[in-house]
Amino acid sequence: MTVDQTTFRKALLDPDAARPDGLNDGRGQPAGRRFDVYRNNVAVSLTEALEVGFPVIRKLVGQDNFKLLASAYLRLHPPRSPLMMHFGADMPSFLAEFEPARQIGYLPDVARLELAIRESYHAADAEPISPAELEALSPEALTGASVRLAPSLRLVRSPWPIFSIWRFNVEEGAQSPKMAAEDVFVSRPNLDPVPRPLPSGGAEFITALLTGATFGDAMDKASEASRNFDLPVVLTLLVEMKTLIEIGG
Amino acid sequence: MLDATTHRFACLPDAPGVGYKPQHFTEIVNDAGPVAWLEIHAENYMGDGGRPIAQLRHLSERFAFSVHGVGLSIGGEGPLDSEHLARLRHLVGWLDPASFSEHLAWSTHDSAFLNDLLPLPYTEASLARVAEHVDEVQEVVGRRMLLENPSSYLTFEESTLAETEFLREIAKRTGCGLLLDVNNVFVSATNLGTDPVSYIDAFPLELVGEIHLGGHDDDEDDHGAPLLIDNHGREVADPVWSLFEYTISQSGPKPSLIEWDNDVPEWPVLKAEASRAASVLETANA
């Protein structure tokens, strides 16, 4: 009796499947629940990886519900890579379809924000430009300049107040969220990713910069999207967050 | 097989090391106690940058490092993941650790990574496959590796070789060294009703480049027989310390690691475990 890895794996991820034959306890008896040690290790270690990756989702749905959710997730979307830092990338779409969670419309976007924070944490390092470098540019030069943005930058747009929801669940005494669309950008001024809400037009501005537009063109896009677009506010934010890493003509 | 004249041999000090946890960064820098080297799980340091890499760069100026892979699936039936091998090569390349090790286990099948060290039967066929995989790893990563003995909860009826024979033969065919996890020896022997001292006696101690010590949990199987679970979540158990003392008395001092991966304690607790390992190693030196 041989046990191949296809058989072993099937029985691991399906708690209702029969345990494979051909395994014993070292004394000639069938292995029985000894096989469940592996089942348990797989389920527990992957659930823990999701708990680490989605602390706010876990808080929002509660620990017991999160375990159920994780148990369904890890069977539908087992990791495709040995890098646990990437595990959970399908969580937003999963939450949009997982019946018990579907009612909570903002969960997928909160999960997107948590993924963005995790990606930012592991992103490549980059040396930011100094505020003086930016100030040295004439308005004309700035308008014509394009910029390279830090690899740790992430942008998450949502019709839900995802930044407020996120902050309310991680910061003691944070204001409770009010219904509003929120665009969040995540950057890593030092070693910790920091999410910040963007003023209106900010997301369009950054999106344009990311696609290589000059400041002038990005400003046009932002002003099209929002009459109230305030360039100095967004520029200050990008500098403070050390998001601008190279500025050129 | 790798040519013995071209590869770098493991050169961790014959002293205690610990599995590095980021929450201990400041205390390790300020007060490492007897801890002379650190081990990392390779997969946690395969991001592009940020704090994990920054901490590693900083610590690697002061401590010898062991890169311990947990995701390569060397015991897998399928081919090794070439992307993952390339990531290992990159990490080992820039960090230049004193040692690189992986497990006699599998964790990936049909492209799903199961995040556990799963067992394989010990047969001529699996021996040939594992030896091929070890050859490939050593070729790509460019250095000799250590292969670790697993903890077992069950055995395969199809197995025809003892684990110690299997490991000895892999080392012989590939030139790799071995990582002896003494807790795994104790856990497996208890679970399978064999004698841990006989296992150590049969183990090729001259090939051991590193020893692991870790905590386990107690459970029972269907028949009420003890079933120990290797969870690295507590202090090293007393019988494991005894087995470690016996091993060191036979092998002489070896780089010896305290592994504590779950319910990670405060630094002083981990440091105390390392001190206990230090005193065993010193006895062997005396």
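Author: Two strands are said to pair if DSSP finds at least two bridges between them; helices (H or I, at least four residues) and strands (E, at least two) are DSSP runs, numbered from the N terminus. The model is predicted, so to speak of local features needs pLDDT of at least 70, side-chain atom pairs count only at pLDDT 80 or more, and totals for chains, interfaces and linings use all residues. Residues are numbered from 1 along each chain as its sequence is written, chains are lettered from A and ligands numbered from 1 in the order in which they are written, and side-chain values use heavy atoms, with hydrogens and water left out.

Reader: In S12(B), which residue is the bridge partner of B:Asp217?

Author: Strand S11 (residues 217–220) and strand S12 (residues 226–229) of chain B run antiparallel and are joined by four bridges. Within that pairing, the residue of S12(B) that partners B:Asp217 is B:Ile229.

Reader: Which residue takes a positive phi in the hairpin of S11(B) and S12(B)?

Author: This hairpin has five residues between the strands. The residue there with a positive phi, near 80 degrees, is B:Gly224.

Reader: What is the area buried between chain B and chain A?

Author: The contact (heavy atoms within 4.5 Å) takes 52 residues from chain B and 45 residues from chain A. Buried area is the accessible area (1.4 Å probe) that two parts lose on being put together, summed over both. Carbon and sulfur atoms give 53% of the area between these two chains, which is about 4,200 Å².

Reader: With which side chain does that of B:Asp219 meet in a salt bridge?

Author: A salt bridge is a side-chain nitrogen of Lys or Arg within 4 Å of a carboxyl oxygen of Asp or Glu, and the rule finds three of them across the interface of chain B and chain A. For B:Asp219, with an N to O distance of 3.6 Å, the partner is A:Arg33.

Reader: Which element gives the most to the side of chain B that touches chain A?

Author: Elements of chain B that each supply at least two residues of this side include helix H2 (51–59), helix H3 (82–95), strand S6 (112–118), S11 and S12. The element that gives the most, with seven residues, is S6(B).

Reader: In S8(B), which residue is the bridge partner of A:Leu23?

Author: Strand S1 (residues 23–24) of chain A and S8(B) pair in the antiparallel sense over two bridges. In S8(B), the partner of A:Leu23 is B:Phe156.
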